[in-house]
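Welcome! Let us take a walk through this structure together, one part at a time.

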Amino acid sequence: MSVLTFHLITIFPNFFDGPLSHGIVGQAQKKKKISIQIHDLRGFTQDRHKTVDDRPFGGGEGMILKPEPIFRAVEKIYGIGSGIDRKVILLSPQGRKFNQEIAFELSMCQRMTLICGRYEGVDERVREYLTDDEISIGDYVLSGGELAACVLLDAVTRLVPGVLNKDSSRLNESFTRRNLSGSENHQSYTILDHPHYTRPESFDGLKVPELLMSGDHKKIGLWRRKKGIEKTLKNRPDLLQYDRLSEADKRLLELKLEP
Ligand code: ADE
C-alpha cells in the first residue's frame with residue numbers, strides 16, 4: 001500500500017506543528033496514508049549566519065529567498081538527477097489558482113515537494129529550473145507559503161483513498177461536477193453544498209425545515225439541489241449563471257417544496 005509523502009521546505013519548521021497534527025490530516029498520518037516531512041531551509045545554508053535571503057538585484061523593497069539552499073534541499077529529497085516521480089511545487093501568489101480539480105490531480109502522486117515562499121519572493125532561478133508547478137490558493141497575498149501549503153495538503157489528503165470513510169467521502173463533492181438527483185433532466189454543473197441541520201429541531205424558536213424530517217428522500221434530494229443552486233447563483237456567479245441552468249433546474253427553482 002502506497003503512502004503519499006509531502007516534503008515541505010520552509011524557514012519556519014515549527015509552523016506546522018499545530019495545523020497538521022489534528023483532525024483528518026493527523027489521522028491520515030497515524031493511519032499511514034500520508035507522511036509529512038519538514039525540511040528546515042536554514043539547514044541547507046553553508047554560512048555561519050544561516051542566511052536564506054538577500055537583497056534584490058536592481059534594487060527595490062524586501063528580501064528574496066536565495067536559490068542555493070532551496071536547490072540543495074530539493075537535491076536531498078530527490079537525489080541528484082532523479083527525475084522519477086518528481087513534483088516540486090512553489091507556493092506563491094503568482095501561481096495557477098488551486099481548486100478541487102488540482103487537488104484530485106495531486107492526490108494521485110506518490111510524493112511531492114512544497115516550497116514555501118517568503119518575503120518578497122524567491123530567486124527566479126528556483127521557479128525556472130527547479131519547480132514543476134506554481135500554485136496560489138487565492139487572489140490575496142499571505143505572509144508566506146506555509147499557510148497555503150497547509151491548505152493544499154489538507155485538500156489533497158482528503159482525496160487520498162482510505163483517508164475518509166465512504167460516507168464522509170461525499171463531503172468532497174461540493175466542488176465536484178455532479179448530478180445529485182441522478183435524473184437525466186438535471187445537467188451537472190458545479191454547485192455549492194446545500195444547508196445542513198442537526199438537533200434540536202427547534203432552538204430558541206428557530207426551526208429546522210419540516211421537509212427534512214419527512215422521510216421523503218426524493219423531495220429532500222430536490223430541496224437540497226434547489227438550495228445548492230440558489231446559493232451558487234447568489235454567491236458564485238463565476239461558477240453558475242441562471243441562463244446556463246437546464247430547464248429542469250429552472251423549474252426546480254420555481255417549485256414550492258416547503259409547506
Ligand atoms: N504566498 C503568499 N500568498 C500566497 C497565496 N495566495 N497562495 C500561495 N502562496 C502564497
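Two strands count as paired if DSSP finds at least two bridges between them. Strands (E, at least two residues) and helices (H or I, at least four) are DSSP runs, numbered from the N terminus. Before we set off, please note that this is a predicted model, in which local features need pLDDT of at least 70 and side-chain atom pairs count only at pLDDT 80 or more, while totals for chains, interfaces and linings use all residues. Residues are numbered from 1 along each chain as its sequence is written, and side-chain values use heavy atoms, with hydrogens and water left out.

Let us begin with an open sheet of three strands, in the order S3-S4-S7, whose pairing is mixed. Strand S3 (53-54) and strand S7 (121-122) are its edge strands, each pairing on one side only. Strand S4 (residues 64-65) joins S7 in the parallel sense over two bridges, and here isoleucine 64 stands opposite glycine 121 in S7.

Now look at another open sheet, where five strands run in the order S2-S1-S6-S5-S8 with parallel pairing. Strand S2 (34-40) and strand S8 (133-136) are at the edges with a single partner strand each, so one side of each has no neighbour in the sheet. From one strand to the next, the twist averages 35 degrees. Strand S1 (residues 4-10) pairs with S2 in the parallel sense over seven bridges, and threonine 10 stands opposite aspartate 40 in S2.

Next come the helices. Helix H3 (residues 100-107) lies across S1, strand S5 (88-97), strand S6 (111-116) and S8, running at about 170 degrees to S5. Helix H5 (residues 145-157) lies across S1, S2, S5, S6 and S8, at about 155 degrees to S6. Such angles are taken between N-to-C directions, from 0 to 180 degrees, using axes fitted to C-alpha atoms, for helices over the stretch in contact.

How do helix H7 (residues 217-235) and helix H8 (residues 247-254) meet, and at what angle do they cross? Their axes come within 10 Å and cross at roughly 95 degrees. That makes H7 roughly perpendicular to H8, a term for angles of 65 to 115 degrees.

Finally, find the ligand. Of the 13 residues around the ligand (a heavy atom within 4 Å), Ser92, Ile137, Gly138, Tyr140 and Leu142 come nearest. A polar backbone atom of tyrosine 140 is 2.8 Å from a nitrogen atom of the ligand. For leucine 142, a backbone N or O atom lies 3.0 Å from a ligand nitrogen.

How values were computed
Contact means heavy atoms within 4.5 Å. Angles under 35 degrees count as roughly parallel, over 145 as roughly antiparallel, 65 to 115 as roughly perpendicular and the rest as oblique. A polar contact is a pair of N or O atoms within 3.5 Å; within protein, one must be able to donate a hydrogen and the other to accept it, and residues adjacent in sequence count only if both atoms are side-chain atoms.
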